[in-house]
Amino acid sequence: MTGGADPSSPRSDEHAPVPPSWSCGSCGDEWPCATRRSRLLQEYGDRAMLSVYLGSCLAAATEDLRAAPVTSLQDRFIGWLPRGPRNA
C-alpha cells in the first residue's frame, strides 16, 4: 500500500459529477454546478463539441435519475449553454 490518493478518483477541485445522484463531487450542487459550467465553457472552444459532451452526460443521467422530469434534466445539462446566432 502506498497510502496515497486513488489516482482514478477526481481531485476535490475538479467539480466532477458523482453518479448516480449527479451531484458535484466538490461543492455538492447539482452537476454541472456553476463552477463546472464556467470551466466547461473555457475548456471547449467549440460549443457544438460541448453540446455533444453534455448530451452524453444527459443520457447517462437520465438512466440514473429516472424519477426526474426529462425537461428539468435537459435544462440542467444543456439548457444553460449560450445560444449563438443560427446560420441560415
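The accessible surface of this protein comes to about 6,100 Å², and 54% of that surface belongs to carbon and sulfur atoms, where accessible areas come from the Shrake-Rupley method with a 1.4 Å probe and, for residues, only the protein chains shown count as cover. Please keep in mind that this is a predicted model, in which local features need pLDDT of at least 70 and side-chain atom pairs count only at pLDDT 80 or more, while totals for chains, interfaces and linings use all residues. Residues are numbered from 1 along each chain as its sequence is written, and side-chain values use heavy atoms, with hydrogens and water left out.

Of the 88 residues of the protein, 24% count as buried; buried here means under 20% relative accessible area, exposed means over 50%, and partly exposed lies in between, with a 1.4 Å probe and protein chains only. The protein has 3 helices and 2 strands, and along the sequence these follow the pattern β-β-α-α-α. Helices (H or I, at least four residues) and strands (E, at least two) are DSSP runs, numbered from the N terminus. If we take contacts between residues at least 6 apart in sequence, 44% of them join residues at least 24 apart, contact meaning heavy atoms within 4.5 Å.

Let me turn to the aromatic rings. A pair of aromatic rings is described by the distance of the centres and the angle of the planes. Rings of Phe, Tyr and Trp (its six-membered ring) pair if their centres lie within 6.5 Å, and planes under 30 degrees apart count as stacked, over 60 as edge-to-face and the rest as tilted. By this rule the count comes to 4 aromatic pairs. One of them joins Trp 22 and Trp 31, a tilted pair with 6.1 Å from centre to centre and 55° between the planes. Trp 22 is buried, because its relative accessible area is 6%, and Trp 31 is buried as well, with a relative accessible area of 0%. Trp 31 also pairs with Phe 77, and since the centres of these rings are 6.1 Å apart and the planes stand at 55°, this pair is tilted. The pair links distant parts of the chain, 46 residues apart, with Trp 31 in the loop between strand S2 (23-24) and helix H1 (34-43) and Phe 77 in helix H3 (residues 70-77). Phe 77 counts as buried at 0% relative accessibility, and ring pairs link Trp 22, Trp 31 and Phe 77 into a cluster.

What lies around Leu 65, leaving aside its neighbours within four places in sequence? Leu 65 is in contact with Pro 20, Ser 21, Trp 22, Leu 73 and Arg 76. This leucine lies in the loop between helix H2 (47-64) and H3, and at 18% relative accessibility Leu 65 counts as buried. The C-alpha atoms of Leu 65 and Trp 22 are separated by 8.3 Å, although the two residues are 43 apart along the chain.

Now to the charged side chains. Side chains of opposite charge can pair when their charged atoms come close. A salt bridge is a side-chain nitrogen of Lys or Arg within 4 Å of a carboxyl oxygen of Asp or Glu, and by this rule the count comes to 3 salt bridges. Glu 30 and Arg 76 meet through their side chains in one of these, at 3.9 Å from N to O. Glu 30 lies in the loop between S2 and H1 and Arg 76 in helix H3, so this pair ties together parts that are 46 residues apart in sequence. Glu 30 is exposed, with a relative accessible area of 55%, whereas Arg 76 is buried, at 11%. Arg 36 and Glu 43 form a salt bridge at 2.9 Å, N to O, and Arg 36 counts as buried at 13% relative accessibility. Arg 66 and Glu 63 form a salt bridge at 2.8 Å, N to O; Arg 66 counts as exposed at 65%, and Glu 63 is partly exposed at 47%.

Finally, the cysteines. A disulfide is a covalent bond between the sulfur atoms of two cysteines, and here the term is applied to a pair of cysteine sulfur atoms within 2.5 Å. How many disulfides does a search of the whole structure find? The search finds 0. The sulfur of Cys 27 has its closest cysteine sulfur in Cys 24, but the distance is 3.6 Å and therefore too far for a bond. Cys 27 is partly exposed, with a relative accessible area of 37%, while Cys 57 is buried, at 8%.
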